[in-house]
Amino acid sequence: MAVYKRSYRGYAGPVTSEWSRFAIIPRYAYRGLFRSKIMTAFFVICFIPPLVFLFLIYLANNIGSFAKMFGVTGATSPFAVDGEFFATYLGIQAALSFILTAFVGPGLVSGDLANRALTLYLSRPFTRAEYVVGKMSVLLVLLSLITWFPGLILFAVQAVLGGPAWLIQHLWIAWALFAGSWIWILVVSLLALALSAWVKWRIAAGALLLAVFFVAAAFGEAVNAVLEVHWGKLINLTYLFATVWNRLFRSRETFEISEASAWLMLGLICAACLALLNRKLRAFEVVR
Amino acid sequence: MSGHGREIVFENVSKFYGEVLGVNRVNLTIPPGITSLVGPNGSGKTTLMNLMTGLLRPTQGHIDVLGVPPDQPERLFRFVGYCTQFDSFPRGMTGYQFVYSYLLLHGKSHEEAADLTTDAIERVRLTDAAHRKIAGYSKGMRQRIKLAHAISHWPKVLVLDEPLNGLDPLVRAETIALFRSLAQEGQYVIISSHILHEVDAISDQVILLSSGYVVAEGQIHGVRTEVEEHPMQILIRCGQPATLASRIFELDTVVEARVHNDGKGLLVRTRDPERFYLLLNRLVVDGVDVESIAPADDDVHSVYEYLIGPDGGAI
C-alpha cells in the first residue's frame, strides 16, 4: 500500500478570460499562413482593387480639376459613386476573397482531423465551439480585411469628398457593404471549414469548394434548361449572393428567384455546414 | 480547481460505437496513486481514458472525476492532463513551442506559460532538444514531449495512453520515476500499458479489461487472491526439494508440488496460501531446511494470463 504525502498543489494563479481564448488559434494560424510567399503576395494583391476604387472616387469628385490638366472644361464624371459602384467593388473583392478562402480555408481543419490533433485542443479547457470560432476567425478576419473594411474606408472617403448631403442620402450603402460582406464571409467560411472537416484532405477540400460554387451552378443551369424551370438557380451560390446583394444595393436588375428563397437557401447551407461540423469535429471519430 | 470528490468514479458506464461495444457496465473507483489499465488490444483501455477525459460521452452511466463531470472541459482540464497514444504535432513547431502554445489555451499568461514550459521540459529531461523541431525528434523524444505537454499545467489527474512505448530502458526508468514522484505527491496517474512487468513494478492498483468488460480491479495481490480457480503458486527455495515435497504432501491445502527445473526448489500450488504458510512454518521448526519462500504467480502477468488468457482472448 503506497503512502501518499499529498504535497501536490495545483496551479492557483490567474488565467486569461475564457471568451478570448479562441484568439490563440488565429494568432498561430496567421504566423503559418504568412510564411507562404504566394499567400502573402496574393493577400497584397487583394488590396489593389480598393486602391483603384479609391482613385476612381477621387477622380469622380475632382473630374473638373483633372480635365483642366488636359485643357478640357465642363467635364462631368462618366460614372457615379453610388450603390452600383460599391456593389461592383464588393463583387470584385468577393471574387478575390473566394480565391483566398480556397487557399486558406481547406487547410484549417483538415490537418487537425487527419493527424488526430483535435484531441490536443479538446483535452484543454477548450470546447468544440471555441475551436470552430477560433478556426473560423482566421477567415473572418482575413476576409473582412479585404471586403467591408476597405469598403467602409472608401465610403468614408467618398462621404468626405461628397459632403454631408451625399452621406445622408447614401448612408444605406455603408450598411449594404457591411451586411453584404458579412453574409458572404460567413457562408464562404462555414463552407470551407465544413468541406475541410468532411474530406480531411486539403487539396480535395479546395477542389470541393470550387465544385460547390461552379459545378453546382452548371448543374443548376442544366436543370433549368432541361426542365424549363427557374429553381435550378437555388443551387447556384453566386446567383444566391447576387440576389441578396441586389436588394441590399438597391439594384434595378431582376432575378429569377425571389429574395426570400435566396435567403432561405443561404440559411439552409449554413445550417448544413454547422451540422456537418458538429458531426465531424470530434476528438475521436466513431467509424460505424 | 478540482471538484470536491476525491476519486474518479465510473457508475454503470457503457459506451457503444453503434453496435460495437467499447466498454460495458463499468463500475470503478480510482484512488490517488498509479493505476494501470491492462488488457489486450480492443479491450477498452483507450475508450475508458477517453470517457474519463470527456472526449467521448458514455452511452449510459455516469462518470465523476474528483467531483467534476467530464462534459465540462473548462473545469475538468484545469486539473486533468491527457496524453494520447497518437503522435500529432502541429507542423514546424519546436518542442518548446508545442508545450508553450497549448498552455496558452489553458489560460496561462505568456510569462506563466514560459515558466511552466521550461519546468515541464526539464522534468522529462528534454531541455537540450527543446528548441529543435519536433519533426526531427526520435520516437522516444516525441513520447517525452507529449508527456511534458500533458504535465505542463501541473494536473492533479494525469491520464497517459501507452506512455512507455518507444522509450529506451534508461528513459523508461526515468519516466517511471517521474510517475512515482507524481503519485507520491498525491496525484492520480492513470496509465495504459502492454508491458506487464513494468505495470507490475509501478502500479498501486491495476484494472484488467477484456472485450470491454472490467475483469478485475484493485491491488494486484488482492486480485490474485480472488482468482480462486487457479491455486496460488509458491516457490520454496531449499537444498532438498524432494524431501520437502514428501513432507508437504502431508498438508491438506496443497494441490500440487513439483521440483523446480533447476532442482533447487519446489513449486507448490495451494488453494489456501495463508494456511499453507502457517503449516510450512511448522515444518521449518521441525528442522526442514528452507532458504526462501515467495509467491510465483502473484503478479500482473499471471493474473492477466489467468483472467484474460495467454493469447489475450477473453475468458
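**Chain contact, helix packing and domains**

In this predicted model, the contact between the chains draws 36 residues from chain B and 31 residues from chain A. On the side of chain B that touches chain A, three helices each supply at least two residues: α2 (73-76), α3 (95-105) and α6 (169-184). The largest share comes from α3(B), with four residues. By class, this side of chain B has 15 nonpolar, 14 polar and seven charged residues.

Within chain A, a helix pair was examined. Helix α9 spans residues 148-199 and helix α10 spans residues 202-227. Their axes come within 9 Å and cross at roughly 130°. Angles of 65 to 115 degrees count as roughly perpendicular and those over 145 as roughly antiparallel, so α9(A) is oblique to α10(A). The crossing of the two helices is right-handed. From α9(A), the contact is made by L191(A), A192(A), L195(A), S196(A) and V199(A). The α10(A) side consists of A204(A), A205(A), L208(A), L209(A) and V212(A). The class count for this helix contact is nine nonpolar residues, one polar residue and no charged residues.

Chain B is divided into two domains. Domain 1 covers 8-224 and domain 2 covers 231-296. The C-alpha centres of these two domains of chain B lie 42 Å apart.

Methods:
Residues numbered from 1 in each chain as written. Chains lettered and ligands numbered in written order. Predicted model: local features only at pLDDT ≥ 70, side-chain atom pairs only at ≥ 80, totals over all residues. Domains from an automatic or database assignment. Axes fitted to C-alpha atoms, helices over the stretch in contact; angles between N-to-C directions. Parallel < 35°, antiparallel > 145°, perpendicular 65-115°, else oblique. Left-handed = near helix turned anticlockwise from the far one by under 90°. Contact = placed C-beta atoms within 7 Å. Nonpolar A, V, L, I, M, F, W, Y, C, P; charged D, E, K, R; others polar.
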